[in-house]
Amino acid sequence: MSRRVVRQSKFRHVFGQAAKADQAYEDIRVSKVTWDSSFCAVNPKFLAIIVEAGGGGAFIVLPLAKTGRVDKNYPLVTGHTGPVLDIDWCPHNDNVIASASDDTTIMVWQIPDYTPVRNITEPVITLEGHSKRVGILSWHPTARNVLLSAGGDNVIIIWNVGTGEVLLSLDDMHPDVIHSVCWNSNGSLLATTCKDKTLRIIDPRKSQVVAERARPHEGARPLRAVFTADGKLLSTGFSRMSERQLALWDPNNFEEPVALQEMDTSNGVLLPFYDPDSSIVYLCGKGDSSIRYFEITDEPPFVHYLNTFGSKEPQRGMGFMPKRGLDVSKCEIARFYKLHERKCEPIIMTVPRKSDLFQDDLYPDTPGPEPALEAEEWLSGQDADPVLISLKDGYVPPKHRELRITKRNILDVHPPSGPRRSQSASEAPLLQHTLETLLEEIKALRERVQAQEERITALENMLCELVDGTD
């Protein structure tokens with residue numbers, strides 16, 4: 001009899017567990033908009049969730065430590081005139097978040113480290129260029145202030161948020177609605193899926209399709225695709241019999257998938273979350289109550305099923321923490337933020353280890369918060385891999401950093417030559433805006449204190465009258 005050899009992998013025993021009840025975020029009215037985005041974005045400082053809001057679109061931003069019941073009057077980020085469809089944290093500044101809306105605009109917000117007293121209504125910058133609703137946002141992984149947006153007008157726009165300018169507009173690439181867009185690891189290529197059932201790899205700076213594959217999945221439901229660390233592609237979709245599938249593709253040979261996994265029959269679109277450090281992909285379906293995860297390797301069958309985390313409640317959306325926000329002392333390799341109807345619940349994925357020492361095989365150096373390129377350098381054709389950091393001593397998020405906006409003079413046709421100008425001039429209006437906001441906060445707090453003091457005086461008077469009456 002031949003002995004069965006078990007595949008060697010440190011991730012064979014990844015263990016998922018929901019956080020305790022007191023670590024969840026309760027009483028959040030999660031958005032009911034029918035849109036296949038994750039509705040949640042998270043970084044090492046903040047948790048952002050798209051919420052129900054009357055008269056426009058809004059999302060809530062909570063410090064990670066603010067668990068428990070959320071006050072119904074907790075300040076929101078409001079400014080859009082239509083529902084918010086997607087939000088995404090800047091990978092190079094943990095206080096900056098972008099939001100896309102049904103109102104055709106993208107807004108970029110500066111979130112303060114303190115809890116604001118009233119709603120945040122003034123974005124740092126509003127980006128207008130789409131003619132229909134904007135449903136997809138994605139920051140460039142290595143270049144500073146470069147943001148991608150995709151709209152219902154079938155156009156992808158790449159912005160320089162630092163100046164508010166359009167860097168690139170990809171107009172004629174997609175004949176129908178774009179379902180997903182993903183950068184590769186150094187931001188030189190894009191992978192897109194579209195309602196025309198075609199998976200495309202695009203070089204945005206050349207405005208050309210490098211490779212494409214029609215009908216990577218035979219079914220009619222929407223596709224999703226993400227790049228792997230070595231440049232391959234993972235796609236999720238449906239078979240002709242409505243079975244959900246995960247496929248691995250080599251862009252150099254799009255004829256047949258490298259591997260194909262069939263799962264169950266369900267309507268929910270599978271959102272893939274890929275971790276390049278462990279080469280694990282986590283599949284979360286909207287309306288599902290489970291997270292399936294697979295390891296991608298160089299050995300056949302290339303896609304290895306690991307396990308399924310199951311729970312009772314279906315998920316309305318999902319946030320995925322960047323690697324630098326995880327607790328390395330607990331051997332945590334992934335953390336999700338699962339949206340329910342009225343709450344958000346962290347789900348922690350760990351690899352059990354006996355030792356309390358830092359497990360360097362689980363935590364290779366990972367992308368940190370420093371950009372590798374400026375927007376102009378990327379646009380000129382330069383590429384650079386992410387600037388990596390070690391997690392050996394844990395990650396401490398840097399203090400609040402201002403997003404600097406330099407509005408260019410549109411009448412100045414000739415770009416300034418010579419060394420780059422100091423940005424002190426551009427900081428002045430932003431500093432003024434910050435000072436005005438702080439003064440408003442102080443005034444509002446003083447008014448609250450005064451009202452409380454008046455209330456205390458009134459209660460003391462009542463107490464004195466009661467005491468006098470009993471005498």
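The structure is a predicted model, in which local features need pLDDT of at least 70 and side-chain atom pairs count only at pLDDT 80 or more, whereas totals for chains, interfaces and linings use all residues. Residues are numbered from 1 along each chain as its sequence is written, and side-chain values use heavy atoms, with hydrogens and water left out.

In the backbone, the peptide bond from proline 300 to proline 301 is cis, with omega near 5°. Proline 301 is placed in the loop between strand 26 (290–296) and strand 27 (303–310), where strands are DSSP runs of E with at least two residues, numbered from the N terminus. A positive phi near 65° is found in phenylalanine 39, a residue other than glycine, which belongs to the loop between strand 2 (25–26) and strand 3 (40–42). Phenylalanine 39 has a relative accessible area of 2% and is therefore buried (buried means under 20% relative accessible area, exposed over 50%, and partly exposed in between, with a 1.4 Å probe and protein chains only). Lysine 286 lies over the face of phenylalanine 39, at 3.7 Å from the ring centre; for this, NZ of Lys or CZ of Arg must be within 6 Å of the ring centre and within 35 degrees of the ring normal.

With neighbours within four places in sequence left aside, isoleucine 49 is in contact (heavy atoms within 4.5 Å) with residues including Ile28, Phe39, Phe59 and Leu339.

Across the whole structure, a search finds 13 aromatic pairs, for which ring centres of Phe, Tyr and Trp (its six-membered ring) lie within 6.5 Å, and planes under 30 degrees apart count as stacked, over 60 as edge-to-face and the rest as tilted. The rings of tyrosine 282 and tyrosine 293 have centres 5.6 Å apart and planes at 40°, so this pair is tilted. Phenylalanine 294 and tyrosine 305 form an edge-to-face pair, with 5.5 Å from centre to centre and 65° between the planes. Because phenylalanine 294 lies in strand 26 and tyrosine 305 in strand 27, the pair ties together parts that are 11 residues apart in sequence.

Definitions and conventions. Helices (H or I, at least four residues) and strands (E, at least two) are DSSP runs, numbered from the N terminus.
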